[in-house]
Amino acid sequence: MKRDRRAVVFLVFAAMCFVLLPLAEPSFRWVCTTTGVTYVLLAIASALDARSRSRL
Amino acid sequence: VAGVVIVIAVALAFDFVNGFHDAANSIATVVSTRVLTPRMAVAWAAFFNFVAFLVFGTHVANTIAKDVVLQNVLTIGVVFSALIGAIAWDLITFYLGLPTSSSHALVGGVAGAAVARHGGHVLVEAGLRKIGVFIVLSPLIGLALGLLLTVAISWMFHRVHRVDRLNRGFRRGQLVSAAAFSLGHGANDAQKTMGVILAVLIATRHLPKTSGVPLWVVLAAHTAIGLGTLTGGWRIVKTMGSRITRLQPVGGVAAESAAAATLFFTSAAGIPVSTTHTITGAIVGVGAARRLSAVRWGVATRVVWAWVLTIPGAFIISFITSRILVVFT
């Protein structure tokens, strides 16, 4: 099965958000967390989408 | 007093160049999807740039004035050098057609000019960390929101078969989203100039240290950015409007709404972010919702390089300007 490049890119973006977490002010850490989690979910959705397309 | 007047004039010139440079961000998608003529689009954006002062506070201005370097080192010479560095960087990147950030140029300029005179210890670590974190986060938030909005719109309207009718509806919607983005742009970017002017007025004891931004400064900054936008910059329209990804009206609405939401949040939280990078992220998000290859990554990479180089570039120019001023004064 072909690897979904979009999912990989989203995981890299999620990693960037989580790396920023300790650098952010405590009052803004939720922004890093929310954005990171969103990218993880987008990566999962993208991978599932690619998988369903490859089965067609 | 003459020094203060000169620095305020240069600060307003920076604001004008900012509007001129960033006009493309507000109008690129509206022009590239032919919703408005270039002339109308520029007038539309300039109007909402100006009225932004009625909607948002001045938290970003306070961050620029108090959270980049120690407030007591912001003398007329330092602020003047900072502005020269930021304006020079903006004009260089404008000439090259690169959508870089005037905000980061200003932060780099203030830091460079202050370090040249007083050394590295004057940098405010917490403030710079806040700005630094959102340099990376704002385009990522814009990208995620742009993508999610595109997917949400696709789900909502996937049963509509009259595509021409749908496009007509979204063309009208783009007027609202472009206005919202211009409002966010005016709010976040005009405040950076207000911050610089506030710093000079406090440094020269025209205002007390705890003072907020006077109304005349707010009005002057919004007028300058509005006039700059009205004069418009066309080189960057091409990069933003069509070279990153091809946009339809529906994509334009998604990109501008995503970027506007990001700017509203950061302006309310007092975080100076790049309006350029936020809209770039949102446009990439719209393209990536279709497929990754819909984004021209070569152009996006150029934007990232400009992004990485802006703070060091403006820092170096301001550092040199500040050193030269020390020799001559």
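The model is predicted, so please read each value as computed from it.

**Where the chains meet**

Let us start with the contact between chain B and chain A. Chain B brings 21 residues to it and chain A brings 20 residues. The table gathers the values for this pair of chains.

| Item, chain B with chain A | Value |
|---|---|
| Area buried | about 1700 Å² |
| Share of that area from carbon and sulfur atoms | 81% |
| Salt bridges | 0 salt bridges |
| Polar contacts (both residues at pLDDT 80 or more) | 5 residue pairs |

Which helices of chain B supply at least two residues each to the side that touches chain A? They are α6 (125-157), α10 (249-269) and α11 (275-290). Of these, α6(B) gives the largest share, with 13 residues. By residue type, the side of chain B that touches chain A holds 17 nonpolar and 4 charged residues, and no polar ones.

**Aromatic pairs**

Over all chains, the count comes to 9 aromatic pairs. One of them joins F10(A) and Y39(A): the ring centres are 5.9 Å apart and the planes stand at 45°, so the pair is tilted. This angle falls between the 30 degrees under which a pair counts as stacked and the 60 over which it counts as edge-to-face. The two partners come from distant parts of the chain, 29 residues apart, with F10(A) in helix α1 (residues 5-20) and Y39(A) in helix α2 (residues 29-55) of chain A. Are these two residues buried or exposed? Both F10(A) and Y39(A) are buried.

Ring pairs also build a cluster with members from both chains: F28(A) and W30(A) are linked there with F134(B) and F265(B).

Which residues does S182(B) touch, once its neighbours within four places in sequence are left aside? The contacts are S26(B), A45(B), F48(B) and N49(B).

R205(B) lies in the loop between α7 and α8 (215-231) of chain B. With 77% relative accessibility, R205(B) counts as exposed. Its backbone is worth a look too: phi of R205(B) is near 60°, a positive value in a residue that is not glycine. For context, most residues other than glycine have a negative phi.

Terms used: Residues numbered from 1 in each chain as written. Chains lettered and ligands numbered in written order. Predicted model: local features only at pLDDT ≥ 70, side-chain atom pairs only at ≥ 80, totals over all residues. Heavy atoms only, no water. Phe/Tyr/Trp six-rings, centres within 6.5 Å; stacked < 30°, edge-to-face > 60°. Helix = DSSP H or I, 4+ residues; strand = E, 2+ residues; numbered from the N terminus. Buried < 20%, exposed > 50% of the residue type's maximum accessible area, 1.4 Å probe, protein only. Contact = heavy atoms within 4.5 Å. Buried area = accessible area lost by both parts, 1.4 Å probe. Salt bridge = Lys/Arg side-chain N within 4 Å of Asp/Glu carboxyl O. Polar contact = N/O pair within 3.5 Å; in protein donor to acceptor, adjacent residues only side chain to side chain. Nonpolar A, V, L, I, M, F, W, Y, C, P; charged D, E, K, R; others polar.
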